[in-house]
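Student: Could we walk through this structure together, one question at a time?

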Amino acid sequence: MSGRVSIIGLGPGNALQITPQATQALADVTDLVGYGPYVQRVNAPAYVVRHVSDNREELARARHALEMAEAGRHVGVVSGGDAGVFGMASAVFEAVQNGPASWRTLDIQVVPGVSAVMAAAARLGAPLGGDFCVISLSDNLKPWLVVLRRLQLAAEAGFVIALYNPRSHARPWQLADALEHLRHYLPDSVPVAFARAIGRPDEAVKIAPLAEADAAWADMSTLVLIGCTASHLIDRPDGQLPWFYTSRKVEAD
């Protein structure tokens, strides 16, 4: 049997947002590898072997998957959202680059998924109608000063900014620091959306101007989306959240 690795994005958590291509790839695997909550999300037959590991073990997880594929298994490496956006795809290719030459001959397929920023944007309206960027606030693999510099440049360039990994028990302070940093480069009125667990039963959305945005509203299941000067809110009746959209047109400075 020829071994394979399928790196599969599971979407943001709603079963309706997993792609048909991902469902098809999952139907063929012999093994599932990934962070525990993502592996458990997959409805797989009993013969599929689940290999669960903790967070921050991406490279070890990737090497294990490649070793099993080399032995002839079809391994599904799963991530929430899209596996190429702060997910397992990069870890697998990093392992390939630094591993034995035989890993370069393996059949490796990346199956795209619906990223959290896309699900959140669809729920909010059209906040990504102009140019945007995504930044992880985790400083596990990069210095915090690099994160702050990227936030400043993105704000000065007029990008809408989507923040992944905004806050956790181990990193409770970064989001507050990031928001305060952005207040030096963006108007206080710029809208900020906290989109938590979009598409899941515990979904919650809150929108506030940058001046009032509170880091305590976020956890690791939250996508924080920060508008720009071309972003607008459209009020809606009956206490509904406003529509959040960003104009397609940009005026010259």
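Student: How far does helix H3 reach from its first C-alpha to its last?
Tutor: Keep in mind that this is a predicted model. Helix H3 covers residues 58-70, which makes 13 residues. At 1.5 Å a residue the expected reach is 18 Å, and the helix comes close to that, with a computed span of 18 Å.

Student: Where do the buried residues of H3 lie, seen down its axis?
Tutor: Let's start with the names: Arg61, Ala62, Ala65, Leu66, Met68 and Ala69 are the buried residues of H3. In an α-helix there are 3.6 residues a turn, so residues three or four places apart point the same way. Seen down the axis of H3, the buried residues fall within an arc of 160°, so they line one face of the helix.

Student: Why is strand S4 described as largely enclosed by the rest of the structure?
Tutor: Think about both of its sides. His74, Gly76 and Val78 point one way from S4, while Val75, Val77 and Ser79 point the other way, and all are buried. Strand S4 (residues 74-79) is largely enclosed because the number of its residues that are buried is six of the six.

Student: Which residue of S4 is the bridge partner of Val5?
Tutor: Strand S1 (residues 4-9) runs parallel to S4, and six bridges join them. Within S4, the bridge partner of Val5 is Val75.

Student: What is the bridge partner of Ala126 in S13?
Tutor: S6 pairs with strand S13 (residues 243-246) in the parallel sense, over two bridges. The partner of Ala126 in S13 is Tyr245.

Student: Which helix gives the largest share of the lining of the second largest pocket?
Tutor: This pocket has a volume of about 340 Å³. Its lining has 20 residues, and Ala157, Gly158, Cys228, Thr229 and Val250 lie nearest its centre. By class, the lining has ten nonpolar, five polar and five charged residues. The largest share, three residues, comes from helix H6.

Notes. Residues numbered from 1 in each chain as written. Predicted model: local features only at pLDDT ≥ 70, side-chain atom pairs only at ≥ 80, totals over all residues. Heavy atoms only, no water. Pairing = 2+ DSSP bridges. Helix = DSSP H or I, 4+ residues; strand = E, 2+ residues; numbered from the N terminus. 1 Å grid on protein atoms, 1.4 Å probe; cavity = no way out; pocket = protein on both sides within 12 Å on 5 of 7 lines; lining within 4 Å. Points joined across faces, edges and corners; volume = space filled by probe spheres on them. Nonpolar A, V, L, I, M, F, W, Y, C, P; charged D, E, K, R; others polar. Expected span 1.5 Å × (residues − 1). Buried < 20%, exposed > 50% of the residue type's maximum accessible area, 1.4 Å probe, protein only. Arc of directions from axis to C-beta.
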